[in-house]
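Subject: Handing over a structure

Hello,

I am passing this structure on to you. Please look it over first, then read my notes below.

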Amino acid sequence: MTSPNLNLAPKPKLNPKRLGHLVLVVRDIQKSVKFYTEVLGLSVSDWIDDQMVFLRAGTDHHDLALSQIPLNSPDIDDLPRYSRPGMEHFSYLVDSVEEMEKAVDVLRAHDVEIVRGIGRHGPGANYFLVFKDPDGNNVELYCEMTQIDAAHPYEAKVWERNIESFDRFRFERFVVPPPPGMVKEKSGGKA
């Protein structure tokens, strides 16, 4: 057994402000929306077609988003992977886009896999950067999310499921190539 070298300078680390939001993959989005609005008391901020909904308990555009599993998914009753119910990602708030850009260097210094971003969503208008934790969970850093309160009223709308609703920059600011399947899906089937 070798002893750790205690003379090495520590690697930089991320310093998020707080846990921000969670995205869940669900079997029946209408049933889930009814639960989260009628039982838990959340408010709808936006929809993307009838496949994704953004909900809020406070002033952030969303603190919970629900994404519909394709109804023909073979794993619809299995738990949890991207093709079955469960968590897609959870997120932490950072102060600025500049801090997010610095986070790319921190993640690379730690050999952390970056999955997608830096981008900017349509619904919520937040910047995002997604990477993997040691168990393969998607972790997101975000900033500049739309705030909704009495001073900043907002009317919910339905967004089309396309590149602009996913990333207003159309993958141009991504620090890693977007997965080919994502490009095809967000481009309406055209890669």
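**What was found**

Valine 139 touches Phe90, Tyr92, Leu129, Val130, Phe131 and Asp133, leaving aside residues up to four places away in sequence. Contact here means heavy atoms within 4.5 Å. Valine 139 sits in strand β8. Strands (E, at least two residues) and helices (H or I, at least four) are DSSP runs, numbered from the N terminus. Valine 139 counts as buried because its relative accessibility is 9%. Buried means under 20% relative accessible area, exposed means over 50%, and partly exposed lies in between (1.4 Å probe, protein chains only). Leucine 22 is 117 residues from valine 139 in sequence, yet their C-alpha atoms are 9.6 Å apart in space.

Some ground rules. This is a predicted model, in which local features need pLDDT of at least 70, side-chain atom pairs count only at pLDDT 80 or more, and totals for chains, interfaces and linings use all residues. Residues are numbered from 1 along each chain as its sequence is written, and side-chain values use heavy atoms, with hydrogens and water left out.

**The chain as a whole**

The protein chain has 4 helices and 9 strands. From the N terminus on, the elements run β-α-β-β-β-β-α-β-β-β-β-α-α. The chain has 191 residues, and 45% of them count as buried. Take the contacts with a separation of 6 or more: residues 24 or more positions apart account for 58% of them.

**The sheet**

In what order do the 9 strands of the open sheet lie? The order is β6-β7-β8-β5-β1-β4-β3-β2-β9, and the pairing is mixed. Two strands pair if DSSP finds at least two bridges between them. The edge strands are β6 and β9 (157-159), and each pairs on one side only. From one strand to the next, the twist averages 20°. Axes are lines fitted to C-alpha atoms, for helices over the stretch in contact, and angles run from 0 to 180 degrees between N-to-C directions.

Now β5. 6 of its 8 residues are buried, so β5 is largely enclosed by the rest of the structure. β5 pairs with β1 in the antiparallel sense, over 6 bridges. There, leucine 19 has tyrosine 92 in β5 as its bridge partner. β5 and β8 run parallel, joined by 4 bridges. Serine 91 stands opposite glutamate 140 in β8.

β2 (residues 43-48) and β3 pair in the antiparallel sense, over 5 bridges. Tryptophan 47 has valine 53 in β3 as its bridge partner.

Two helices go with the sheet. Helix α1 (residues 29-39) lies across β1, β2, β3 and β4, and runs at about 160° to β4. Helix α2 (residues 97-109) packs on the sheet and touches β6, β7 (127-132) and β8. The direction of α2 makes about 15° with that of β7.

**Two loop residues**

Asparagine 126 is in the loop between β6 and β7. Is asparagine 126 buried or exposed? It is buried, with a relative accessible area of 0%. Histidine 62 and proline 123 are 61 residues apart along the chain, and their C-alpha atoms are separated by 9.0 Å.

**The largest pocket**

The largest pocket has a volume of about 760 Å³. Of the 33 residues that line this pocket, the closest to its centre are Ser67, Glu88, Arg116, Arg161 and Lys186. A pocket is an open set of points on a 1 Å grid over the protein atoms alone, where a 1.4 Å probe fits, with protein on both sides within 12 Å along at least five of seven lines; lining residues have an atom within 4 Å of a point. Grid points are joined across faces, edges and corners, and a volume is the space filled by probe spheres set on the points.

Which element gives the most to the lining of the largest pocket? That is α4, with 4 residues. By class, the lining has 14 nonpolar, 12 polar and 7 charged residues. Ala, Val, Leu, Ile, Met, Phe, Trp, Tyr, Cys and Pro count as nonpolar, Asp, Glu, Lys and Arg as charged, and the others, Gly among them, as polar.

Over to you.
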